[in-house]
Structures are given as C-alpha cells and as structure tokens.
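Have a look at the picture, then follow each answer step by step.

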Number of protein chains: 2
Amino acid sequence: MVEERKLAVLRAIVEDYVSTQEPVGSKSLVERHQLGVSPATVRNDMAALEEEGFITQPHTSAGRIPTDKGYRLFVDRLSQVKPLTAAERRAIASLLEGAIDLDDVVQRSVRLLAQLTRQVAIVQYPTLSRSTVRHLEVVPLGHARMLLVLILSTGRVEQRVVELPSEPDEERTADLRTRLNRTVVGERLVDACARLVVLPEEFEPGDRGPVAVLVAALVEAMSDHRSDERVAVGGTANLARFGDGFDTAIRPMLEALEEHVVLLKLLGEATSPSTVTVRIGHEGPYEELAATSVVATGYGPGDEALATLGIVGPTRMDYPGTMAAVRAVARYVSRILDEG
Amino acid sequence: MVEERKLAVLRAIVEDYVSTQEPVGSKSLVERHQLGVSPATVRNDMAALEEEGFITQPHTSAGRIPTDKGYRLFVDRLSQVKPLTAAERRAIASLLEGAIDLDDVVQRSVRLLAQLTRQVAIVQYPTLSRSTVRHLEVVPLGHARMLLVLILSTGRVEQRVVELPSEPDEERTADLRTRLNRTVVGERLVDACARLVVLPEEFEPGDRGPVAVLVAALVEAMSDHRSDERVAVGGTANLARFGDGFDTAIRPMLEALEEHVVLLKLLGEATSPSTVTVRIGHEGPYEELAATSVVATGYGPGDEALATLGIVGPTRMDYPGTMAAVRAVARYVSRILDEG
DNA sequence: CATTGGCACTCGGATTCATTGAGTGCCAGA
DNA sequence: TCTGGCACTCAATGAATCCGAGTGCCAATG
C-alpha cells in the first residue's frame, strides 16, 4: 500500500464530500478521480484511513465522510491555495475602494466576505488599544455638562457626556483642553490612560475633583471600548444553506450570532494577515458548535493585527476557497488601513 | 344559529391553534372551551365560518386553521388586551432604567422585546427629522481639516470630518463656530438645513467658499441620516422556533433581516405609541413573507412618534400577548425619552 | 328554527413489509 | 501489492394496509 495514494484518497473524499454533501463510496471515487487503481484497492485504503480516524461511515453500508481529524489533515497538508478569479479580485477592490470611513470599511468587508464565501461573515471592528489619540475635544454643553470627543488615529471617534460638580468658566475649559491634549495626543491608548490617571495631580488642589471626573470618563471610554469590542455580522441568510442538520446546527448558531462576546471568542486571537487560522468542529471553544468550522485571520495596517475577521460555516465546507477569500479580504482591508 | 357564538368559535379556534399549532376539530373545541353546545353545532358554525373565509382546512378530514382574514377579525374584534404580569412590568422597568444613552436604550429595548415576545424584535433608531440641534462644535484638526460635531436634542451625536481649501486661523474658526451655532441651535433639523444653505451669503465673498463646504457637510449629515435610518434587530434565535414551514419561511426572513430598508418598510409608518399596528400575512408588503405577521407601533417623547418598534413572527402567533408587550415597551421607551 | 345524535365517508399519517442497490469486508488469485 | 469476485448489510424507497380524527348530511327533537 502506497502511503501517498492513501492521502490522495483522503483528499478526493474530502473534495467529493464537500461538493456533493453525500457520503462517498469507493466506486464513485475512482470514477471521478484519476487514481489509477481499482475500487477494491481504494477500499483497502479507506479501511486504513478509517482505522486511523480520518474518515468514518454514518452507517455500515454507506460511503465514508471525513472526520474533524480528516479535515484537519486535509487543511494542513493536502489542500492547495486556490487563487481567486480575476473577477473576484476586481469585486473586492472595487467594493472596498468606495468606503468612506472606517465603519464603512468594516461593513463593506463583512458583506463582501459573506458574498465570496457564501458563509456567515464576521468582522471585528479594529481594536483601539494599538491606535493612538489624534485629538481630544472638550465641549461645554451648559448646565455643568461637558462633551468629550476622542478622535483616534484609526479614524474612530468616541464621545462621552460627563456631569461636573460645577460649571467651569471658559478660561478653565480652554486650559483643560490644552493640557488634556498635551497629555494624550500621539500616545497609544494604553499609554494615554496611564498618563491620564496621574494628570489630576498637576492641577491646583481645588480643580482636581472636576479633572478627575473627566479623566475617569476618558479612561472608561478608552478601556471600555477596548474590551467591549464590536463586531459586524453578515450573510446570515447563508445559514439557510446549512443543509441537513438544520435545526440542530442552526439554533446554536443563531444564538451565537447575537452574542458578540461569543463571536469574538470564536474568531480567536488576531494573527498576522498572512496566516489564516482554521478551527474545525470540536477544536472550537463551544460544544454546541461542534458541527461548525471557523476560518479567520487578523488584519490591520502594516501587517500588525489590529483585529480579526473571518467566517463561520459547516465543517463540511470548501476550505481552500474559503481560506483564499478570507486572506484576500484581510489583505485588502489592511492595505486600505495602511493608506488611511 | 347565534351569530355571537360563531365568533366565540372563531376565537376558540384561533386560541387553540396558536397554542397547539395543530388544526383544531369540533370535538376538541367543545372539550377545551365552555361553549355549551354539541360538536355538531360547532361543526355547523365552522362550515359557515369557512364559507365566509375566516377559516380553512389544510385537507379534507382535518381540523380548521384560521386564515389571514380570520386572524384579522380576531385581532380587530375578538381579542382582549392581555395585561402583562407584574414580573414582566418589573423586568421592563429595571432593564430600561439602566440605559446610559440613546443607543443603549434602543439596544436594550430590542433585547427586551425579543425576550418578552419570543419573536424577532426590530427597533428603529429615533428619526432625527423631528429633533432639534442642541450644539454644534467645530474642531480644527490641522492640515486644513475640520471636525464637525453635531449634538441633537435626542442625545444623538453625529460627526463629520471635512477638508477645507485652506487652514483658517483661530479667530475665523471661533467666529464661524459662533455664527453656525447661532444659526442652528434650537432649530429642528429641517429648519436648520434651510437656514444653513443661505448662511454663506452672510459672509465676506472671500470666505464663502470654505463656509459652503462646511455647510454642505452639515446638511449632508442632517439629511443623510434622516433617510438612511438605522434599525436594531434582536432575537433572531427565535426564528428556530418558527415551526414547520422552516426553510420556506426562514430563508426570506433571514434575508429581510439583513436589509434594513426592508425592515423599515415592514415596520411601516410610525403611529402613536398608544396604537399598535398589526399586519397579518399577505397584508404586508412582501409576498415572500406571506407567512409572517408584523406587530408594530411608534414611540417617542410626548406621544409624538419619532420612530417605530415592533416584532416579526409567524402569522400563527399570540396576538394579544404580543400586542401588549409591544405597546408596553413602546410606552416605557417613550417615557424615558421624555425624561432624557 | 336552532340544536343534536347518528352515521357513512374521507383521507392524511403511521405501520408494516418487501425490494432495491450502493457500498462494504474479506478472500483467493494474479 | 493489487484486483476481481462474492456474500453481506442496511438505509432508502415504495406499495399495501390500517387507523382514527374529523367532516357533511340528515332525521329527530325541544
């Protein structure tokens, strides 16, 4: 028995099963692929593959389907990168070029990814932790209320309204604006936070109270939004194509899609845009989603992974194609962030 | 034949069908309700109701199910307002009290509505057209770029970055800020737009260019966001409970949920918070959603309908309970907007 | 005249049973 | 090591049957 052919058989099984969604038998295998051997030989290989846990039969007298372990081997060693078509590349470029701001980029990406892969797409909004503060504006609203507007290098704008113990006069406000900006502009969020918390000490004792209130709101805006990271979801209609295990598989999926925390955990740690992470079935963190796989990667300017994007779909999916699409979108988005 | 009893029969049919999800026959009807007549009599009534188009049989020798027309009659004349339980009232109050800003109110409402009705909930973000301008801030970002921050009476904040032909000096900026605020503060968005477009004429001919650029951005921010109204969606996992017509009904639903324009059309015109609109099956604007009903109502401060919220579910739903929940949430949200 | 009990009739859904065929494992032979 | 042959398994398919909930109609009744 040739080891190499055994792997070829596994590859053929995965490919056939993904495209037909039906258990594949030895006969149809030799018909559809040039394996150069008889069905009986393939059967021997299949028996061995099953022994090793790469494939399994749903019931005796049926063809084989890949196990999670089988998909894993396929993804790691058997699949070739499937280049996108020119049309697809153009579609990506033209759709993303038109974006007007950061949020728009994210929303377009999610739609794009869903269309390309025909799966449910998830795009995390860029994390703020790595970005820097571009400007901080303090706007008095009257009645001792202040609007804080935080503008970040990624283009994101955060705002908070805070209530002060008393209405500060115009001069104090201007002074505050200057000093706050001097403290945070150009700094990374983490550093900005660190410098902010000690800022009140530089003020007159009488002014420390109000300043502390402002600082607290700012620190909250910065760190709060770092943990409570937002995600965009698209292509949920593709769930309807899930196939057989409909209500068993779709229910937990719909629930997961409502919980952004769950989605973030699904996407996992942001990796470099050139590395695509594939998590197959049980490898994921949720037992209820054992029938789904995640294909994800990081993205961000300058090859630095600011956030994660990816897709979720049935374990039985076209991994090479999906991985290519995910990687391509991540690269394009990264490039756009580079320019912005 | 007593006309009144016929209606009682229809009511009983609707109630039973909604709770059991199965066609209801004459015998089980008299068992479960105190109609005081025999099955044979009920059969006569049912024949009449079918003749008039209020009920139908899926196939001969089966029980009856209500038609859209039957549900309509039920909703209009037969259903009683089902008061919420004390626990539900408390849940609404406590969940909504904790909201920190407008967006948070909307997001909490959508979750609340989904939980109460166990349907897919949709809440439109309050329309800006009726709200007034509270403050307008102009922040120079350097490199001839300006940040415009628009704060509205509803608490919503819109921002735009505009690029000017040249960097204005500090004095000009301050002057601009003052004059812009004098023009728009306190005005409704529509009026603010109207006054803005003629504003450049008040400036020196040389300054009109930059001012016009700013005005254009502001007008865009105001009117743009009026048409491109946003909606929040929640409780999609409830789609999994849709029942039988799963993939026929769920597919178009998932697609609709991705298209906010479609959702807005589904919700329809905002009505007064005290009026709950019910659109049953074919009464809605989309043929593909003929198996779904919409229960919606307007909400907003001071009984003025700023936006719409509601739920979408199968025609076979608990209308009285759903209507009560929708109305209750709309009232609570309106009250909160009143205070804000 | 509305109501009721009786009765024949319908027909979808469940049950059973036989058939089919794709697919397997195993073995002897090339 | 591969192959053809062969007996075996078992899900899926379809025909035949049964069951019963539910109906419509009618004659009898208060």
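Q: What is the bridge partner of A:Val123 in S10(A)?
A: The partner is A:Leu309. This is a predicted model, in which local features need pLDDT of at least 70, side-chain atom pairs count only at pLDDT 80 or more, and totals for chains, interfaces and linings use all residues. Residues are numbered from 1 along each chain as its sequence is written, while chains are lettered from A and ligands numbered from 1 in the order in which they are written.

Q: What makes strand S3 and strand S10 of chain A a pair?
A: Two strands pair if DSSP finds at least two bridges between them. Strand S3 (residues 120-124) and strand S10 (residues 307-314) of chain A are joined by 4 bridges and run antiparallel, so they meet that definition. The names come from DSSP runs numbered from the N terminus: helices are H or I with at least four residues, strands are E with at least two. In general, strands of a sheet pair through backbone hydrogen bonds, either parallel or antiparallel.

Q: Which strands of chain A are the edge strands of the open sheet of 5 strands?
A: The order is S7-S3-S10-S9-S8 in chain A, with antiparallel pairing. Strand S7 (231-234) and strand S8 (277-279) are the edge strands, each pairing on one side only. From one strand to the next, the twist averages 15 degrees.

Q: How do you know that helix H6 of chain A packs on the sheet?
A: Helix H6 (residues 102-117) touches S3, S7 and S10 of chain A; a contact needs C-beta atoms, placed from the backbone, within 7 Å. The direction of H6 makes about 155 degrees with that of S3(A). Such angles run from 0 to 180 degrees between N-to-C directions, with axes as lines fitted to C-alpha atoms, for helices over the stretch in contact. Helix H12 (residues 319-339) of chain A lies across S8, S9 and S10, at about 25 degrees to S9(A).

Q: Why do S4 and S6 of chain A count as edges?
A: The open sheet of 3 strands has the order S4-S5-S6 in chain A. S4 and S6 each have a single partner strand, so one side of each is left without a neighbour in the sheet.

Q: What is the relation between chain A and chain B?
A: Chain A can be laid on chain B by a turn of 180 degrees and a shift of 0.2 Å along the axis, with an RMSD of 0.3 Å. That is the relation of a two-fold axis.

Q: Why do the copies meet through the same surface?
A: 100% of the interface residues of chain A are also interface residues in chain B, so the same surface is used. In this interface, 22 residues of chain A are in contact with 22 residues of chain B. H10(A) gives the largest share of the side of chain A that touches chain B, 8 residues.

Q: Which residues come nearest to DNA strand C?
A: Of the 22 residues around DNA strand C, A:Gly25, B:Val37, B:Thr41, B:His59 and B:Ser61 come nearest. A residue is near if its C-beta atom, placed from the backbone, lies within 6 Å of the strand. The largest share of this surface, 4 residues, comes from H3(A).

How values were computed
Least-squares fit on C-alpha atoms with pLDDT ≥ 70 in both. Contact = placed C-beta atoms within 7 Å.
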